[in-house]
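This briefing sets out what can be read from the structure shown below, topic by topic.

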Amino acid sequence: MRRWSYILNEAAIGLRRNLSMTIAVILSVTVSLSLLGASILLRQQVDAATDDWTGKIEVSIYLCDGLSCPPITDSQQQALRDNLEANPLVDQVFFESKQEAYAAFQRQFANEPVFLDNVEEQTLPASFRVKLTDPERFDAIKTQYEKSPGVESIVDQKELLDEFLAFSGVIRWSAGIIAAIAMVAAAVLVGNTVRMAAFARRDQTQIMKLVGASSWYVRLPFVLEGVLAGLLGAAIAWGMLVFGVDWMFTNLQGSLTFVPFLTTTQIMGVWPWLAVPAVAMTAGASVVALWGFLDV
Amino acid sequence: MISFDGVTKTYKAGSNDQVVALRDVTVQIDRGEFVFVVGPSGSGKSTFMKLLTREVRPDAGTIHVAGKNLGELRRWKLPALRRDIGYVFQDFKLLPNKTVSENIAFALEVIGMPGGVIAKRVPEVLDLVALSDKADAMPHELSGGQQQRVSVARAFVNQPPILLADEPTGNLDPQTSIGIMKLLDRINRTNTTVVMATHDQHIVDSMRKRVVELSEGQLVRDQARGVYGYAS
């Protein structure tokens, strides 16, 4: 008990005495961990959205309306529907009329008047929305119906999703790489600060060594000093992410109703992903910085 | 208690030069002895002391301290060695932000001594160095002699079998030095081995203890009940 109170007390003294460096350490840890947390949350968000969307993925078979090919006749449309419903690859078929497509478009882009102004009811084609028994079998559907009379084009939403995933992957990796670089900078700063703290108290550590304190007893206050600063930085990063991301998602939810955003509790769950790297990084940097310096 | 057997220590000075601090020194110190290590600055006294605590390691020869062969001692066992040795510095090295009793208690706290033992030993050792009334004073409120007595108290509070003192009177006036010497003599009579490096002729002459003289790293005299200046 007495040991720990000594070690904690010494660490606190070191942090106070070296306030400007402590602030620099905390801020650099905050920056790097905010990026790391953002990268992790983006991944969780994308995973959550992907899971949600995978179940809803459809193939859209757009029907000719006379703009690029002769308009589909009623009998062609009925034949296509019958054929689709009989196809074992097809799970469900819905018909979306031009009016329904326009209404859906208006709902989806309710906050984007520029889009709405430029799109008229006649612009959007009618389509069959086809749900596949196996979402991977898109190619089979495409070759089967591409040349059918009255079919303008076939679009797989999964391809759109794949593009989105690739895009979010780039953002995620960029954030991750910048986070890693910022972590290295933070680690160097932690190491320097801890070394300075140890140097400032070299009289004390010299006495400790000569009266027979163990290496770890001499080192631990300085290591703990780095770790405490790191944890504080992680806590600030966590608070920023929880408030910032939650606020952003709450706002986005209004316009992007089809996206299942992470809940506040899920966002708060990122804490261990910040705390563990913070402790590992600062403890590692401190131990390396003191290597040989405080050997008894 | 302490033995040097053919100990040589050289330091690097620049890229090519080497300075010989100790050359083939062999000496034996028994339990309860009081030994002066004398010689001018640069004669190897400090190296001699630092070898005893294994702050530095010899290039050749073997050193035994308190039954331990320092050459074979694993690093994690160094704290155990140093708990057998009290160390008094020329410049006292008291921690300025701690009171007298906190400075002494510090030496016990950092080796994990229980609070009850600390509460008992600190007043005892303060009584020994006659500073009971200064227990709560800060170091800067004390005279040099008083500070050195605190330093001796800190070195002795763990009752080590060996007490090393490196020029303990170097920063003190002659009158005050006598007080410190009386204190070290008293500690020596508790069967504690005392090794004191000094170049204070008056003190060595007046104490008439064993004198080990170093000159340019070599042991040039080892005399029981010796004086400073006269090589036999």
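In this predicted model, E85(A) and R81(A) form a salt bridge whose closest N and O atoms lie 3.6 Å apart. The two residues belong to helix α3 (residues 74–86) of chain A, and because they are 4 residues apart in that helix, about one helical turn separates them. Over all chains, the count by the same rule comes to 16 salt bridges.

**Domains of chain A**

- Chain A is divided into domain 1, made up of 2–53 + 162–290, and domain 2, covering 56–156.
- The centres of domain 1 of chain A and domain 2 of chain A, taken over C-alpha atoms, are separated by 49 Å.
- Contact between these domains involves 4 residues of domain 1 of chain A and 4 residues of domain 2 of chain A.
- The area buried between domain 1 of chain A and domain 2 of chain A is about 360 Å², and carbon and sulfur atoms account for 41% of it.
- D52(A), W53(A) and S255(A) supply 79% of the area that domain 1 of chain A buries against domain 2 of chain A, more than any other three residues.
- On the side of domain 1 of chain A that touches domain 2 of chain A, the residues divide by class into 2 nonpolar, 1 polar and 1 charged.

**Interface of chain A and chain B**

- The size of an interface is often given as the accessible area lost when the parts come together.
- For chain A and chain B, the buried area is about 1900 Å², with 61% given by carbon and sulfur atoms.
- In terms of contacts, 19 residues of chain A meet 24 residues of chain B.
- On the side of chain A that touches chain B, the elements giving two or more residues are α1 (2–17) and α8 (202–210) of chain A.
- Of the elements on that side, α8(A) gives the most, with 7 residues.
- By class, the side of chain A that touches chain B comprises 8 nonpolar, 4 polar and 7 charged residues.

**Confidence**

- The model scores ipTM 0.83 and pTM 0.70.
- Chain A has a mean pLDDT of 85, and 98% of its residues reach 70 or more.
- Among the elements of chain A, the lowest mean pLDDT, 75, belongs to helix α5 (residues 113–118), and the highest, 93, to helix α11 (residues 271–289).
- Chain B has a mean pLDDT of 91, and 98% of its residues reach 70 or more.
- In chain B, confidence is lowest in helix α7 (residues 201–207), at a mean of 89, and highest in strand β8 (residues 193–198), at 96.

Conventions
Residues numbered from 1 in each chain as written. Chains lettered and ligands numbered in written order. Predicted model: local features only at pLDDT ≥ 70, side-chain atom pairs only at ≥ 80, totals over all residues. Heavy atoms only, no water. Contact = heavy atoms within 4.5 Å. Buried area = accessible area lost by both parts, 1.4 Å probe. Nonpolar A, V, L, I, M, F, W, Y, C, P; charged D, E, K, R; others polar. pLDDT = per-residue confidence, 0-100. Domains from an automatic or database assignment. Salt bridge = Lys/Arg side-chain N within 4 Å of Asp/Glu carboxyl O.
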